[in-house]
Number of protein chains: 2
Amino acid sequence: MNLISQFSNIVGINNALISQSEIAPFLTEHRDFYHGKSSLVLQPTSTEQISNILKLATKTKTPIIPIGGNTGLVGGQASDLKGKSVLVSLSKMNKIYNINSTSNTALVESGVILQALQSVSAAASRLFPLSLGSQGSAQIGGLLSSNAGGTAVLAYGTMRQLCLGLEVVLPNGEIMNDLKGLTKDNTGYDLKNLFIGAEGTLGIITKAVLKLFPKPRGQSVAFIGVPSPKNALELLNHAHERGNLTGFELIARLGIDFATRHIINTCDPLPYHHPWYVLAEMSSLKSQTDAQESMETFLSYARDNDHASDTVIAKNETEAEAFWSLRENLSYAQKPEGGSIKHDISIPISAIPTFIEQANKSVNHLIPNARFCTFGHMGDGNIHYNISQPIGADKQEFLDNRETVNQRVYAIVDQLGGSISAEHGIGQLKRAELQLYKDQVALSLMQRIKETFDPENIMNPNKIL
Amino acid sequence: MNLISQFSNIVGINNALISQSEIAPFLTEHRDFYHGKSSLVLQPTSTEQISNILKLATKTKTPIIPIGGNTGLVGGQASDLKGKSVLVSLSKMNKIYNINSTSNTALVESGVILQALQSVSAAASRLFPLSLGSQGSAQIGGLLSSNAGGTAVLAYGTMRQLCLGLEVVLPNGEIMNDLKGLTKDNTGYDLKNLFIGAEGTLGIITKAVLKLFPKPRGQSVAFIGVPSPKNALELLNHAHERGNLTGFELIARLGIDFATRHIINTCDPLPYHHPWYVLAEMSSLKSQTDAQESMETFLSYARDNDHASDTVIAKNETEAEAFWSLRENLSYAQKPEGGSIKHDISIPISAIPTFIEQANKSVNHLIPNARFCTFGHMGDGNIHYNISQPIGADKQEFLDNRETVNQRVYAIVDQLGGSISAEHGIGQLKRAELQLYKDQVALSLMQRIKETFDPENIMNPNKIL
């Protein structure tokens, strides 16, 4: 029996895609950056099937690429052009087994879509706080494998902090069960966090116990026009000390320009233009009034101390959603403006103004009139440092600068003690850079862990390392 | 040159203890459970010295035992009776390099004592939230190596959540530098969390970047008399939904009896006796009034719904400290009551009442009149299930039941999906039990990691695994 049939038999014929038209959507991603080949996509329906898939893969040295919602931004889910890889989609493992509102935990399969978990939690008066643009398609397994972040990290943490336990199938087919979901469990090495953020190179996450929170009774969202990132930094410190800050996003004016220009139904949040904006959210477990009061106190401080040029509070949920939606759309809004060179970096929070100043200067020196659509999760030190081509420039000519721009930006990041990947991961996109900027001892430990866990190198090969 | 001289030369003669009188304090611990032998205690003053120590240890296959404040409760820091081990005390590496109140981080050496860090942070209007009975001697390195918890975990997490980066010397002497201290850094496998909680078996932690928080402006502490653990559970859920809950401890009446009887200046918190008590703390970033109001709203709910028989709020900081001090002293207060058999377990929060009921029944069946001094961090599902000997019983006869009691208690813990070690770790004390209760696939991964990181098995051998 040939390999395709052997693999297909494990999941049953209805769960094995072999026609290229059905496989095609798995071989590219929405930005059209990565293109791969494969003759087989498996859609297992149980952990045991995945175990059998990996046993066969180990025996036959077949590369396996796990795929969640296919929303990753670094090619971690992309296949290569050799066509030997078998793709394992988790989409059919999408059961939400249990929402425990006493222990504040959710037990789910890894194919569950983020938005589905958010909804089910909300129905039980609980909050699953991870929130990001792709939440309508991103799956829990992929979010765990990339240690996803998003806009609520400053209050609730990344997926690593939101996960209490995992079930994982190891490359040799063994199933590790760590699904107790306890807050405290000091019984040996922390294996869970090795798999979280490993981008599918150490095994396949099949189930998870996730942390839930009481749903805030009130939320106040404001847009604040600020003179500079330095003012935003002052505001961040103040906001942290004054209330339950659940969002703090920095946005350059250019982002607002792009969004109001290209995204339908998007308005300028404030009557006049400001060089920078902060989108701030405060939550309260007590009441809407309490959240609102915290925000108002914060905003009056901001105005009184000249850190804010103008402010506006969302009057209702619809307005609050519109504010957040503007923020979520910044990435899409850049597309119609031509070529862009993007960086997902993080730096110590106190160094953000310095970073922006130095990086802009360095890039402008190379590309006069480059346009900086800088925004990001300032509360986490995570900046999406995105550069759009000069108006009227040749797109390809601009994009040819990518390598040089990256080198300049990453050199500044490195010098300020930052990271070349804050939340998107390494995947294929930053493999070479990782070798340059990561501590060499850490790199060698990572290599040794990979060899120990996956001696045949079948799990998502050539990603990260 | 003999081995002792070679090791001593690395740190200098003033930092090498070779007389048995100086070594003695390192060979036992305050409960007098573990007794070891050694001819040499090194007190290095730099990471480079530790690197050279471990290089020499690897070359000569010398077992190395790292020691922090020597407050561990499972023998993780204890040496064996062979006397071949070299003890490495971190006490002289106690510099606090930096408190960054913008990035909210502290960079410290691992020999810093917890209380010192708490004080320095407070002076900068910041909170380092880890709080536990031994904070006057426990060191950051040991707290990290044991992933310490304590009373503030429900709001701020264990050491794992409080650590943003590490410097670690590997068994081969290599130095891994991961001290960027970023909130988000998705550049490969999470090595940091492997060392945290590894109890010194994978390397020696030499520096850490820790997370700081804004110092709450208000804190309200209350003692609540409750009819049963089930009522306490109801209160916990309610408290979580109503305010910034920063402490929620469950205490059996017997604990209050022991503390008021044996700890000087300790008073009964409430005029009448109740079968169970909750010690609750709410914090506010806004004001003392805000914290007080949250607590009062919570307590009136508790009384109105018959979950609380009586309640008292600390009127000032002194009273609040007295309440907490009663709680911290529960362990010491048990000593004068004769032999005790103790368990540091965790279970899903919703199963706590069931656990207490089943465990009491099972232990009472074996030892009629056994006395249950049950208390713990209910908000984390972490119960210190401590049993004191029956009044008038023979101490040794009671302690001879230890194995059988442990088996019964751990069987119930296991059946309810809990852990045999919530926050104390495995060390030597629970090595055998770990093999019984831990997932076998996880155990084998742990073994493989240990062999990969420490092929000569020099780092704290025979601990955990």
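About 6800 Å² of area is buried between chain B and chain A, and carbon and sulfur atoms give 52% of it; buried area here is the accessible area (1.4 Å probe) that two parts lose on being put together, summed over both. Of the area that chain B buries against chain A, 15% is supplied by Lys184(B), Asn186(B) and Tyr189(B), more than by any other three residues. This is a predicted model, in which local features need pLDDT of at least 70 and side-chain atom pairs count only at pLDDT 80 or more, while totals for chains, interfaces and linings use all residues. Residues are numbered from 1 along each chain as its sequence is written, and side-chain values use heavy atoms, with hydrogens and water left out.

**The interface**

- In this model, 84 residues of chain B are in contact with 84 residues of chain A, where contact means heavy atoms within 4.5 Å.
- There are 12 salt bridges between chain B and chain A, a salt bridge being a side-chain nitrogen of Lys or Arg within 4 Å of a carboxyl oxygen of Asp or Glu.
- One salt bridge is formed by the side chains of Asp190(B) and Arg160(A), at 3.2 Å from N to O.

**The nonpolar cores**

- The largest nonpolar core has 91 residues, and those with the most contacts inside it are Phe195(A) and Phe195(B); such a core is a set of buried Ala, Val, Leu, Ile, Met, Phe, Trp, Tyr and Cys residues joined through side-chain atoms within 4.5 Å.
- Leaving aside neighbours within four places in sequence, Phe195(B) is in contact with residues including Leu445(A), Leu166(B), Met176(B) and Phe453(B).
- A second, separate core of 50 residues includes Ala232(B), Leu236(B), Ala359(B) and Phe372(B).
- In soluble globular proteins, nonpolar side chains tend to be buried together.

**Glu423(A)**

- Glu423(A) is buried, with a relative accessible area of 10%, where buried means under 20% relative accessible area, exposed over 50%, and partly exposed in between (1.4 Å probe, protein chains only).
- The side chain of Glu423(A) makes polar contacts with the side chains of His377(A), at 3.1 Å, and His384(A), at 3.0 Å; a polar contact is a pair of N or O atoms within 3.5 Å, and within protein one must be able to donate a hydrogen and the other to accept it, with residues adjacent in sequence counting only if both atoms are side-chain atoms.
- Not counting residues up to four places away in sequence, Glu423(A) also touches residues of chain B, namely Lys184(B) and Asn186(B).

Definitions and conventions
Chains lettered and ligands numbered in written order.
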